[in-house]
Amino acid sequence: MWGRFRKAGGRVAEALRTETKADGDKRPHNLFEAAAVYVAACAEDDQERADEASRWVSPEALSFGVNELACRAVIALARERGESPRTVARELLGLPTA
């Protein structure tokens, strides 16, 4: 049963890969790699690198990857702080506590 899930997940991941890496590595970029580079570039105010990462996958795939990265980051930070993910997310966005 798990083998089927792994195969299906592999097919989905392969379908979402688009462009090969520019540094000579023939392995194509995946959506999580694109999301990580894109978010890090935005945090560092590196528009050129963010634009490059956004071309590696479709806009939908990038959006999914950025969303997944945000969820994982909020969960990790919430665990580290001993707070709820909701509290951490609101604090990061500068919103009042609910």
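The legends below describe close-up views of a predicted model.

Residues are numbered from 1 along each chain as its sequence is written. Because the model is predicted, local features need pLDDT of at least 70 and side-chain atom pairs count only at pLDDT 80 or more, while totals for chains, interfaces and linings use all residues; side-chain values use heavy atoms, with hydrogens and water left out.

View 1. Helices (H or I, at least four residues) and strands (E, at least two) are DSSP runs, numbered from the N terminus. Along the sequence the pattern reads α-α-α-α-α. Of the 98 residues, 18% count as buried, a term for under 20% relative accessible area, with exposed meaning over 50% and partly exposed in between (1.4 Å probe, protein chains only). Where contact means heavy atoms within 4.5 Å, 36% of the contacts between residues at least 6 apart in sequence join residues at least 24 apart.

**View 2. Phe 32 and Phe 64 form a tilted ring pair.** Rings of Phe, Tyr and Trp (its six-membered ring) pair if their centres lie within 6.5 Å; planes under 30 degrees apart count as stacked, over 60 as edge-to-face and the rest as tilted. The count by this rule is one aromatic pair. The ring centres of Phe 32 and Phe 64 are 6.2 Å apart and the planes stand at 55 degrees, so the pair is tilted. Phe 32 belongs to helix 2 (residues 31-43) and Phe 64 to helix 4 (residues 59-81), so the pair ties together parts 32 residues apart in sequence. Phe 32 is partly exposed at 41% relative accessible area, and Phe 64 is partly exposed at 44%.

**View 3. The charged end of Arg 72 sits over the ring of Phe 32.** It is 5.7 Å from the ring centre. The rule asks for NZ of Lys or CZ of Arg within 6 Å of the ring centre and within 35 degrees of the ring normal.

**View 4. Helix 2 has buried residues Leu 31, Ala 34, Ala 35, Val 37 and Ala 41.** At the start of helix 2, a side-chain oxygen of Asn 30 comes to within 2.9 Å of the backbone nitrogen of Phe 32. After helix 2 comes Asp 45, with a positive phi near 55 degrees.

**View 5. Val 57 lies in the loop between helix 3 (47-54) and helix 4.** Val 57 is buried, with a relative accessible area of 5%. The C-alpha atoms of Val 57 and Ala 34 are 7.0 Å apart in space, and the two residues are 23 residues apart in sequence.

Notes
Polar contact = N/O pair within 3.5 Å; in protein donor to acceptor, adjacent residues only side chain to side chain.
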